[in-house]
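User: Here's a structure I'd like to talk through. Can you tell me where the labels come from as we go?

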Amino acid sequence: MDLDDTPEQAAYRAQVRGWLDEHKSKAPVIQGPGAIQDEDEIVAARRAWQGKLAEGGLAGVTWPKEYGGQGLGPIEQVICNQEIARAKVPGILDAIGVGMLGPTIIAHGSDEQKSRYLGPMLHGDEVWCQLFSEPAAGSDLAAVQTRARQQDDGGWRLSGQKVWTTNAQFASYGLLLARTDADVPKHKGLTMFIVPMDAEGVTVRGLRQISGEAEFNEVFFDDVALAPDAVVGGVGNGWGTALTTLMYERVTIGLGGEGMGYNSIRFAAAIAADEHARRDPEVRHQLGEIASELLAVRFTGYRTLTALQKGQIPGPEAGLAKVTIVNGAIKAGDLIADVVGPDALSEDSEWAYMISFLPGLKSAGGTEEILRNTIGERVLGLPPEPRLDKGIPFSELRSKEGAAA
Amino acid sequence: MNLSLSDEQVFLREAARGALSRFKTLEAAREAGDGEEGALPDLWPAACEAGWPGLLIDEAHGGAGLDAFDAMLVLGECGRVLAGVPLLGHLPATAILGESPSAAEFMADLASGERRAAYLPAQPPTDAESRWSADPRSGLARAPLPLAGAPGGDGRVALTGSFAFVPDAPGADVLVGVAEQDGRAIGVAVLADAPGVKVEPVRRYDATRSLGHVSLQDAPAVVLDAPEAALAGAWHLAQALIAAESLGSVETALEVSVAYANERFTFGRAIGSYQAVKHSLTEILRQLDNGRSLLYYAGWARNGAPDEFALAASAARSVGGRALDHAARTMISVHGGIGATWEHDAPLYFRRAQLSRRLLGGTAGATDRVAGELIAQAA
């Protein structure tokens, strides 16, 4: 049992650190003094920086070499992330594309798709977004209603709405899950598409959240024309393709918990700053409970890494770490605001931002309730919730729901 | 990076499970709860046969030379079946003696189990409380450590004071702990049959837990040359061990509850298909998994990052203790009325949870130390 690098990992770490030492002066400053203010300039600078990282082999660490990656394992990816954080430079801009969507195309895409899209994605020349969730399809993702209808020439026409789309405002492409057959049960009638975000009929609108900022978007599709070769992984196979993306999402979350900044020492520092609070038994008790659980998640992450290193793939139980992090951070936000008072809720306070962000994060990547259902069934082996949609064609399901409502 | 069990550790755990399965520990716990004298099996011979008394003692002194994490695996197996193996008292005591060069000659007997030790729990200072302290008989105020007089002609000191609710004290041959001498904490060892030593067995709520009040009146003690860090380390080790033991009990509570939720039907469905039941069972799993991760942290930190051992072990105790509290209550509620009766094992785990929470400084004390360690780090 140890947390040390193997000699090979240490050598890789040294190599990454060496590259960063040499190039970090060219990294864009996006936080703190001297930071770029203009949103468009930030995006442009971060795209260029992603290109640099890709040239240096610090992007797509786990991608196969034939697609421009390094062909290394998840441990090296984590080492790379740690070194980037240590160098205090931004990571890649398109973490969603490179971390989740690229690997999906590698697994399910055609040779033409791989050679056309992967290179520009990796280098930040073309940013991608994930077009899965809809206003009425989140935890029950297979309920998507965005409809793609095949035309006589083999092409498709796409109509519907997606939501919670990060980076859509500057993305070149999106990976989109659409319904192509409503007359079969819902998981069977889905197909995955590549959608050019500059196509006619695509509208992107910022979605303001509790904080007042718009970090996500709504995306509308009004009779958008897609070429026959926009399909990824075959018509009717969209659910299987989506599961690949979601598996990579779990890996990303499982390895990135600490990266969100919800860690025990940051919260303890906020309490320690108040002479009275740091001695108050009730405050200490709450801090101790919150911090213990957040510390646990750090080591759950190391256990996940160990499993990945042995070639195992994280199961749905990785979702429990997310539940712990989000609920721990919510309690920490409450505690710190109780200690600090209304100033914790001033618009420029880091705590106000965190407190605003967390209620939404609770549902991101699946609500806590659906995660607990999945884990209860798939990990503990409890019987499934009775379902009313099994084996029923999607079109009938919709009319049944309409009648019930 | 390797945070998983080695083949040897898997073997150690399986062997422990096998050794304990030869005893009907739960039946015995119920009979003992009924007041039947001598119902609890003496598990020390089995522990000696398995080599557990010497788990933390160097091979040169007849022990297995293993790490705290290995000991936690064994305690976890004890917790699964509520086996009263007196390791919670013995192992922290051997950890202190193992760092006391002058005690070397006693180690072989302690490693073989020929002689059994019990640890006199002494809580090291925190950021908020600058003195060492012992668990009180009653109330929130911490108790003072016994005082050690000036060394006599034979180099021994006279100890006067008491320790309340000492795990595994009854029947122990030697008592090892911390006393105060001229305002300083020193390690001490005293034979249980020495003049002035009284060990009063006490039973509280959980018949499987052996406890004793130890009182010392001018009792002749050997002063140990263990460094103060080793004295503090024994307290943190005890926290990690009781955490591991608690999490073992949580494993059983979860397994039994999941099995019942699959087979018990109401309104035409297995109760485990109801979200309310399913979610409370996944909550046990969440807390169990967090606790396991912290056992790894504590096991690694004891040698790999000694400065973090207090934080890691306290966090493990905090999460492990709360996990057992929650699991024991959920086990009862998932089973419905039967879970609250003597017919079922659930009350045995509930009693274990209730008492464990209040021993060795209490789960709340460990939670406070987590806060204190982090506040000190942040300041």
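User: What makes the crossing of helix 7 of chain B and helix 9 of chain B left-handed?

Analyst: A crossing gets that label if the near helix is turned anticlockwise from the far one by less than a right angle, and right-handed if clockwise. Helix 7 and helix 9 of chain B cross in the left-handed sense. Bear in mind that this is a predicted model, where local features need pLDDT of at least 70, side-chain atom pairs count only at pLDDT 80 or more, and totals for chains, interfaces and linings use all residues. Residues are numbered from 1 along each chain as its sequence is written, and chains are lettered from A, ligands numbered from 1, in the order written.

User: Why is helix 7 of chain B called roughly parallel to helix 9 of chain B?

Analyst: The axes of helix 7 (residues 228–263) and helix 9 (residues 309–335) of chain B cross at roughly 25° and come within 7 Å. Angles under 35 degrees count as roughly parallel, over 145 as roughly antiparallel, 65 to 115 as roughly perpendicular and the rest as oblique, so helix 7 of chain B is roughly parallel to helix 9 of chain B.

User: How do you know that chain A is as compact as a globular protein of that length?

Analyst: The globule rule is 2.2 Å times the number of residues to the power 0.38, and the radius of gyration is taken over C-alpha atoms. For 405 residues the rule gives 22 Å, and chain A has a radius of gyration of 22 Å, so chain A is as compact as a globular protein of that length. Its C-alpha trace spans about 70 × 55 × 45 Å along the principal axes.

Notes: Axes are lines fitted to C-alpha atoms, for helices over the stretch in contact, and angles run from 0 to 180 degrees between N-to-C directions. Helices (H or I, at least four residues) and strands (E, at least two) are DSSP runs, numbered from the N terminus.
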